Amino acid sequence: MPNTPSSSLLWRDVCVFDGLQVLPTPMAVQVRAGRIVALTPMAAFTDAQAIGYREVGCGGVMTPGLVDCHTHLVFAGSRAEEFEQRLEGASYADIARAGGGILSTVRATRAASEEQLLAQALPRLQALLADGVTSVEIKSGYGLNLADELKMLRVARRLGETLPVRVVTTLLGAHALPPEFTDDADGYIALVCNEMIPAAAAEGLADAVDVFCEHIAFSPAQCERVFQAAQRHGLGIKVHAEQLSNQGASALGARYGALSADHIEFLDEAGVQAMAAAGTVATLLPGAFHTLRETQLPPIALLRRHGVPMALASDANPGTSPICFPTLLLNLACTLFRLTPREALAGMTAHAAQALGLPELGRIAVGAPADLCLWAIQQPAELAYAVQPGRLRQRVFNGIISHPSGVSAHEC
Ligand code: NIG
Ligand code: FE
């Protein structure tokens with residue numbers, strides 16, 4: 001039977017992590033017309049409730065489809081040499097100041113056609129999907145001029161039309177200062193605010209705007225101008241904040257109602273309080289922490305104490321996190337940041353969805369879109385505990401089983 005969005009699907013006897021917690025008893029999960037329509041403890045599930053549903057799985061662990069809320073998946077070239085330079089002692093900031101780093105990816109990305117960028121990004125996105133991702137945010141930020149930033153955003157949108165995944169796009173024009181604007185950062189910020197943001201908004205190419213607020217990138221005052229332009233155009237706000245130093249960028253973002261402040265290794269308590277008051281999500285990026293061999297830990301205890309939701313993302317990018325393996329990031333969040341497996345899973349489901357301003361995603365709840373993963377494991381914590389590809393038994397996007405691709409769904 002073909003699997004269509006109108007299919008009525010049933011899973012029996014699954015252990016459910018619902019986006020925030022592990023449900024206490026085995027459940028039956030039912031999906032119709034792309035939505036979750038029932039979630040019933042097995043002890044209360046009757047055969048009559050199964051009528052009209054195709055049973056497509058039983059046993060194992062079910063989680064919401066994973067949400068990767070911070071990626072730079074679209075880029076050309078490689079930064080393997082830079083990795084070696086850092087191993088020999090150069091810092092990320094040293095390499096950036098010498099014209100490498102982000103700017104080296106900018107040169108390769110500008111030179112690449114839309115088709116080439118699409119072809120290079122596809123396997124990265126496929127790797128995310130094969131490990132359970134059903135929604136992904138993709139940033140621009142390696143074009144740094146109007147045409148090339150829009151080119152990147154178009155590629156991101158096309159990725160979402162090519163594969164069964166929801167793509168949310170973010171304009172990161174204020175990622176680095178391009179060579180055309182050396183010594184004129186304010187002039188470049190004017191270009192971001194007066195040309196890039198209006199064009200991306202008018203063409204429906206961006207859902208949000210992001211900035212890199214750092215001593216090697218843009219100042220808080222410059223970032224504030226970008227936030228104001230984003231607000232004028234009705235776009236969400238995100239911020240690469242406190243990655244290498246404490247610039248007060250998270251608190252600034254919070255003042256502008258930012259969806260999330262991301263990285264935040266150098267965040268202080270005042271910033272945490274500002275985020276708590278504004279409902280700004282803290283996005284943790286252990287892949288970048290690991291790759292840069294960072295030692296300053298994000299203030300996890302403060303975030304917990306002030307009730308700031310913690311999201312977790314791959315930050316997949318060629319410089320600081322060349323990692324397209326979401327469940328590895330669950331593991332790194334636990335081992336490096338001491339998140340609990342439950343916190344890590346919530347970070348890549350419900351809290352990641354909140355960081356995208358799409359709170360109905362990342363949940364297994366009646367009425368939510370049927371983005372689901374069925375894993376060949378016994379308990380949810382195993383996803384964070386073991387580092388092992390190939391555990392995804394089924395991936396359901398919008399009520400359609402799209403993994404394993406080309407294979408009919410596992411029957412009980
Ligand atoms: O999230 N910090 C700035 N931006 C990216 C890295 C980009 C790059 O090095 O290419 C990040 O870490
Ligand atoms: Fe990033």
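In the predicted model, Arg12 and Glu55 form a salt bridge in which the closest N and O atoms lie 2.8 Å apart. Over the whole structure, the search returns 19 salt bridges.

The protein chain is assigned two domains: domain 1 comprises 8–65 + 362–411, and domain 2 comprises 66–355. The contact between them draws 29 residues from domain 1 and 26 residues from domain 2. The centres of domain 1 and domain 2, computed over C-alpha atoms, are separated by 30 Å.

The size of an interface is often expressed as the accessible area lost when the parts come together. For domain 1 and domain 2, about 2,000 Å² is buried between them, and 67% of this area falls on carbon and sulfur atoms. On the side of domain 1, the residues that lose the most area to domain 2 are Ala384, Arg395 and Phe397, which together account for 26% of what that side buries.

Polar interactions also cross this boundary. Ten residue pairs are in polar contact between domain 1 and domain 2, counting pairs with both residues at pLDDT 80 or more. One salt bridge is found across the interface. Arg166 and Asp371 form a salt bridge, with 2.5 Å between the closest N and O atoms.

Several elements give two or more residues to the side of domain 1 that touches domain 2, namely strand E5 (61–64), strand E14 (372–375), helix H16 (382–385), strand E15 (392–397) and strand E16 (400–403). Strand E15 provides the largest share of that side, with four residues. Classified by residue type, the side of domain 1 that touches domain 2 contains 16 nonpolar, nine polar and four charged residues.

An iron ion (ligand 2) is coordinated by His70 (NE2), His72 (NE2), His240 (NE2) and Asp315 (OD), at 2.1 to 2.3 Å. Along the chain, the donors of the iron ion follow the spacing H-x1-H-x167-H-x74-D. His240 is located in strand E10 (residues 236–241), and Asp315 in the loop between strand E13 (310–312) and helix H13 (326–337), so the pair ties together parts that are 75 residues apart in sequence.

Terms used:
Residues are numbered from 1 along each chain as its sequence is written. Chains are lettered from A and ligands numbered from 1 in the order in which they are written. This is a predicted model: local features need pLDDT of at least 70, side-chain atom pairs count only at pLDDT 80 or more; totals for chains, interfaces and linings use all residues. Side-chain values use heavy atoms; hydrogens and water are left out. Domain bounds come from an automatic or database domain assignment. Contact means heavy atoms within 4.5 Å. Buried area is the accessible area (1.4 Å probe) that two parts lose on being put together, summed over both. A salt bridge is a side-chain nitrogen of Lys or Arg within 4 Å of a carboxyl oxygen of Asp or Glu. A polar contact is a pair of N or O atoms within 3.5 Å; within protein, one must be able to donate a hydrogen and the other to accept it, and residues adjacent in sequence count only if both atoms are side-chain atoms. Ala, Val, Leu, Ile, Met, Phe, Trp, Tyr, Cys and Pro count as nonpolar, Asp, Glu, Lys and Arg as charged, and the others, Gly among them, as polar. Donors are N, O and S atoms within 2.8 Å of the metal (3.2 Å for Na, K and Ca); water is not among the atoms, so sites may look incomplete.
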